[in-house]
Amino acid sequence: MKFTLNVWRQNGPQDKGRMETYQVDQVSDDMSFLEMIDVLNEQLIGQGVDPVVFDHDCREGICGMCSMFINGEAHGPGRGVTTCQLHMREFKDGDEITIEPFRAKAFPVIKDLMVDRSAFDRIIQAGGYVSVNTSGNLPDANATPIEKPDADAAFDAATCIGCGACVATCKNASAMLFTSAKVSQFALLPQGQVEAKDRVLHMVNQMDLEGFGNCTNTGACEVECPKGISIENIARMNREFLSASITSK
Amino acid sequence: MSTLDAHIPEGPIAEKWTKHKAKIPLVSPANKRQIDVIVVGTGLAGSSAAASLAELGYNVKAFCFQDSPRRAHSIAAQGGINAAKNYQNDGDSTFRLFYDTIKGGDYRSREANVHRLAEVSASIIDQCVAQGVPFARDYGGQLDNRSFGGVQVSRTFYAKGQTGQQLLLGAYSALSRQVAKGRVQMFARHEMVELVVVDGKARGIIARDLVTGELERHSAHAVLLCTGGYGNVFYLSTNAMGSNVTAAWKAHRKGAFMANPCFTQIHPTCIPVSGHFQSKLTLMSESLRNDGRIWVPKKKEDAEAIRAGKLQAVQLAEEDRDYYLERRYPAFGNLVPRDVASRAAKERCDAGFGVNKTGEAVYLDFASAIERYGKEAAHVQGLHHPSAEKVRELGEAIVESKYGNLFQMYEKITAQDPYKTPMMIYPAVHYTMGGIWVDYNLMTTVPGLFALGEANFSDHGANRLGASALMQGLADGYFVAPYTVGTYLADDIRTGKISTELPEFVDAETAARQRMEGFLNNAGNTPVEVFHRELGKIMWDQCGMARNKEGLEKAIQDIRSLRERFYKEVKVPGKMHEMNPELDKAGRVADFLELGELMCLDALSREESCGGHFREEYQSEEGEAVRRDDEFAYVAAWEFADQDPGKAKLHKEQLVFENVKLITRSYK
């Protein structure tokens, strides 16, 4: 297969950036999208051009490191996939493909297709944990039964990989889906109850400080989320936030 | 050659750890504030160690090369984590977990360490549940368990096929809590490129800021390497693209011995290789072997027809299928340990029974599980004469609830529906049991340098059992290192801050800079990737699932000449003081090129077959591994010497088995 690639090149946060066009051939349909970029990079190195910088690591859809806005969609066409799980058989031979970084004020570009998502870490640091020390003298794990539907729902929320597709997709660059997934995980579990109020208030506050936008319920985040995190979590976070705002001292 | 002292405490095995903990010196809270600790790597071992040490009051600096500690490759672990909770009342106990692990490791691990691992396993589950890790539960609200290879109890806790993710996010949340408190300083997108040793003690690291390209000096009173395994020496593996041996190898060059480096786990159930530009292999969790049956056609002509695309797996009648694991190992069937399952798959494919285009794949079939679960579900729903379609529908729903994400992952990669047609799988490099030699306290041969998790060698012998890596990473980080690192630091309370202006820091930084400049100024034309791919092929062919003397000797020569060519011909674009992933990769591949040779050397010197190390010269008539306990019941710990990985000196730690009798491992 052959492709024409329009790739965003930006030599650092201060650089204005521009689109460059490259041709790649020798692509096979069972290659992943990132393997296709590998082919491009080997080709560019051979031509004395700096290879395209992009984030990637596990290449099996779980680390959340890969990003890329492909033909106007976070992680490209196809539902429930990260860019590393996107295969070239999803495209037609000869297609023109436009590749940009995830764009959001809170995700500044580092270089080319790589962005800084450390704002997500700071949101977690604001309260995305249960305060328990590692003493080894904790109650037995089965001491508190948890209803299966709650445990399952907490798990579903906890499968967020923190890739930022929700932010990149949202017209407001909102991080509500990401933040609410973590708030929900703990809100659904007895272990999360003690700090529930502070958690939601602090995490939402941090989200705003980082410069993420607000949610206007378009639901685009849920559609583009590679892990299918539901916007029900946003509704749950809103409830938690409201009740915490009213009742906390 | 010398012998090594592992500093194993005296006394009966079940009391060693308790007594040891009772005796170790403590560091007062005021003194802890004066002590700095560096943790390199933020997977299960690193995150949990950094969080725990910070909770205790030490000043912790944690480093990871990813953009966030949450992305370390522990995140990709699928199946589960073992713990001797005996919730299923199926006869599990601390001793049985200890025994299974020693036996599973083919009697090449250290009894005292493994027993400690089994002892703390139950606390790990308590800890994780308290942190809000959403493990799978049954309808009574209790934790659910499943079974893994090489054991006859159900002791594996899980969170669908994302157990590693959930455990790592738990450890990451504990770490984040300490970052928020200012107890941990987090350095993401940083890579350790040198270890700094002052007066024989590990006193810091040189790290490269991967965004700016600057080299930074960081000092500490102790350094913990939690940097994972080195499976990427094979180029294709289930490891993440960034997983590398550099931190461990730099430590090796500065005096840390590498133990049993040839002990590599080739995991039996991975998605087969499809093409030349393939960058990595994807694991299909071992948990699938609870319900999937592995087979190839009985007749060669059927296998040939399948490879030619003229015959489909589902068309093959039951009597024409060879469920070779069930045939060869009736007691454990499809749940034999990984090394045994991998070799059996290779044996069938080598004999011409492989089922995909390349002839290197076997089937993993869920049809009978779907039927069994479907009938069960129909029974529960009171359907007495369900149609075959109804049974299928109900059965698929149950299989979906157990393995949904794995099936989905398989379908995305292969574009085939595993509910309707059997999966195709083949063994792939997955884990390295070998690693940095550590004593009972997880300290390496460099005082003050510790190695935790997959980075050390200690607990899995020559073969790791499924769901044990997560257990070990968290055991080391949450429950072992916080005690044993403190023991070492108790002597350091008067040392004061370590200056980064010491000549050792300057020298280490200079060495790292010169190495990088060397790559950038090289007049070559070949990208780094090409050399890595070539190294991987040598390792897979000669130091993979089966090894022999002739092949290993050839591999050593091939690697040496590849290394020479690498330094002459490699081309690294870009500059030093900027983000430069090709430069990072060049440094990593340079270290793999040295490690590969040491692995072959180790495999050559171990003239026996054990666990994942299968020397063709040492096998029984049935093709089973033949261990030689009289001569090889030791840990081979290699000391770097003469600036040449091939001249490494062998030190032996004799393994003493007082609680387990050495017998031939049998899963028949």
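Guide: Of the 249 residues in chain A, 60% are buried, where buried means under 20% relative accessible area, exposed over 50% and partly exposed in between, with a 1.4 Å probe and protein chains only. This is a predicted model, in which local features need pLDDT of at least 70, side-chain atom pairs count only at pLDDT 80 or more, and totals for chains, interfaces and linings use all residues. Residues are numbered from 1 along each chain as its sequence is written, chains are lettered from A and ligands numbered from 1 in the order in which they are written, and side-chain values use heavy atoms, with hydrogens and water left out.

Chain A has eight helices and seven strands. These are DSSP runs numbered from the N terminus: helices are H or I with at least four residues, strands are E with at least two. The C-alpha atoms of chain A fill a box of roughly 60 × 35 × 35 Å along the principal axes. Take the contacts in chain A between residues at least 6 apart in sequence: 69% of them join residues at least 24 apart. Contact means heavy atoms within 4.5 Å.

Now the nonpolar cores. A nonpolar core is a set of buried Ala, Val, Leu, Ile, Met, Phe, Trp, Tyr and Cys residues joined through side-chain atoms within 4.5 Å. In soluble globular proteins, nonpolar side chains tend to be buried together. The largest core here has 249 residues, and A:Phe212, B:Ile81, B:Phe135 and B:Leu224 touch the most other members. Helix H17 of chain B (residues 581-605) gives this core its largest share, 13 residues. A second, separate core has 28 residues, among them A:Val7 and A:Cys66.

Leaving out residues up to four places away in sequence, B:Phe135 touches A:Ala151 and residues of chain B including B:Ile81, B:Phe157 and B:Leu167.

Next, B:Asp439. This residue sits in the loop between strand S16 (435-436) and strand S17 (449-451) of chain B. B:Asp439 is buried but has no salt bridge, which would need a side-chain nitrogen of Lys or Arg within 4 Å of a carboxyl oxygen of Asp or Glu. The nearest side chain of opposite charge, B:Arg110, is 6.0 Å away. Lys and Arg count as positive, Asp and Glu as negative; His and the chain ends are not counted. The side chain of B:Asp439 does make a polar contact with the side chain of B:His7, at 3.0 Å. A polar contact is a pair of N or O atoms within 3.5 Å; within protein, one must be able to donate a hydrogen and the other to accept it, and residues adjacent in sequence count only if both atoms are side-chain atoms. The side chain of B:Asp439 also reaches the backbone nitrogen of B:Asn441 at 2.8 Å.
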